[in-house]
Amino acid sequence: MFHRAIVIASGFFAATVVNAQTEVPFALDWKFEGPSAAYFAAIDNGHFAEENLSVNIEAGSGSVQTIPKIATGAFPMGFGDINSVIKFLDQNPGAPVTAVMMIYDKPPFAIVGRKSLGVSEPKDLEGRVLGAPPPDGAWAQFPVFAQETGIDPSSVTVEPVGFPTREPMLAEGNVDAITGFSFSSVVNLKRLGVADDDISNILMADHGLELYGNAILVNTDWAAENSEQVRGFLRAVAAGWQDVIDDPAAGIDSLVQRNPAADKGLEQERLQMAIEQNVATDYVKANGMGGIDAARMKKAIEQLGETYEFQNTPDASLYFTDAYLPEGGFALK
């Protein structure tokens, strides 16, 4: 069982009020890149302040790694992969973490290869070398992807790589393909000089995966004591995403204030990819942002069960709640 004593030791359980604002540290899944502009826009455009929230955003080291930060109470809220939340809760029953707002309705999990190295389609991975960082959210879904596409996993040589070396290794031809978030790896390869027409972006969601992607996560103990702050936080996040959809360039300006080394053009391209492929999907446009479809979630859990042996009976209500969302989610214009 999960040791809740660790959670009690956290300093974030009492809402800290400074100048009438509740301080909410927020753990990102990754570095300050294009898609994180939405959260910085929510700060710079006053959406968090309107909700009496003071939000400090910390960069992450992989969407899987965010989950224990939330579960231990080191952060009250964060951004991470819901599929990894499902497995984490199965392995740590009772851990106080759940998803409260879906952001990547279509997950960016991808196999990114180079056509010149013979990787254009899923089956091309057989007999080739795949670079995969162990904490990578896309790598965590590779077994399901292989099952759905008929890839023989034993025929793929998997090379554990670090996040900083992943795209350089593919650019240099040391691996034939990599796992990653599509908007991260594709844009990084372009920055390294790989021609656009040499990059194969194989989105797992286009090859049978029903899985959802990254969501806003919350420590459920903290949320129980700060429900209005959670609701306000989600309203501000939705407003931030609307801002960057309306004006991506301004969103990137907010990002560059925190990451001056960022290439504005490439980061705006990364943001646009995330908006078009993952956030503003047809489902979200029709049904609102933040919620999930129960039937699809049921299928997603079943898919995970094809390659992951659950220790406990899966329970979708443990992994996601819409209790902090408005009815119908947040409308995107």
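This is a predicted model: local features need pLDDT of at least 70, side-chain atom pairs count only at pLDDT 80 or more; totals for chains, interfaces and linings use all residues.
Visitor: Let's start with the largest pocket. How much space lies in it, and which residues lie nearest its centre?

Guide: About 260 Å³ of space lies there. The lining has 19 residues, with Lys31, Glu33, Asn188, Arg191 and Arg270 nearest the centre. Helices 8, 9 and 13 each give two or more residues to that lining, and helix 8 gives the most, with 5.

Visitor: Which residue forms a salt bridge with Arg270?

Guide: For a salt bridge, look for a Lys or Arg side-chain nitrogen within 4 Å of an Asp or Glu carboxyl oxygen. Here Arg270 pairs with Glu33, the closest N and O atoms being 3.6 Å apart. Arg270 sits in helix 13 and Glu33 in the loop between strand 2 and helix 2, so the pair ties together parts 237 residues apart in sequence.

Visitor: Are those two buried or exposed?

Guide: Buried means under 20% relative accessible area. Arg270 has 1% relative accessibility, so it counts as buried. Glu33 has 8%, so it counts as buried too.

Visitor: What does Ser184 touch?

Guide: Leaving out residues up to four places away in sequence, Ser184 touches Trp30, Glu33, Glu167 and Arg270. Ser184 lies in helix 9 and is buried, at 4% relative accessibility.

Key
Residues are numbered from 1 along each chain as its sequence is written. Side-chain values use heavy atoms; hydrogens and water are left out. On a 1 Å grid over the protein atoms alone, a cavity is a set of points where a 1.4 Å probe fits but cannot get out, and a pocket is an open set with protein on both sides within 12 Å along at least five of seven lines; lining residues have an atom within 4 Å of a point. Grid points are joined across faces, edges and corners, and a volume is the space filled by probe spheres set on the points. Helices (H or I, at least four residues) and strands (E, at least two) are DSSP runs, numbered from the N terminus. Buried means under 20% relative accessible area, exposed over 50%, partly exposed in between (1.4 Å probe, protein chains only). Contact means heavy atoms within 4.5 Å.
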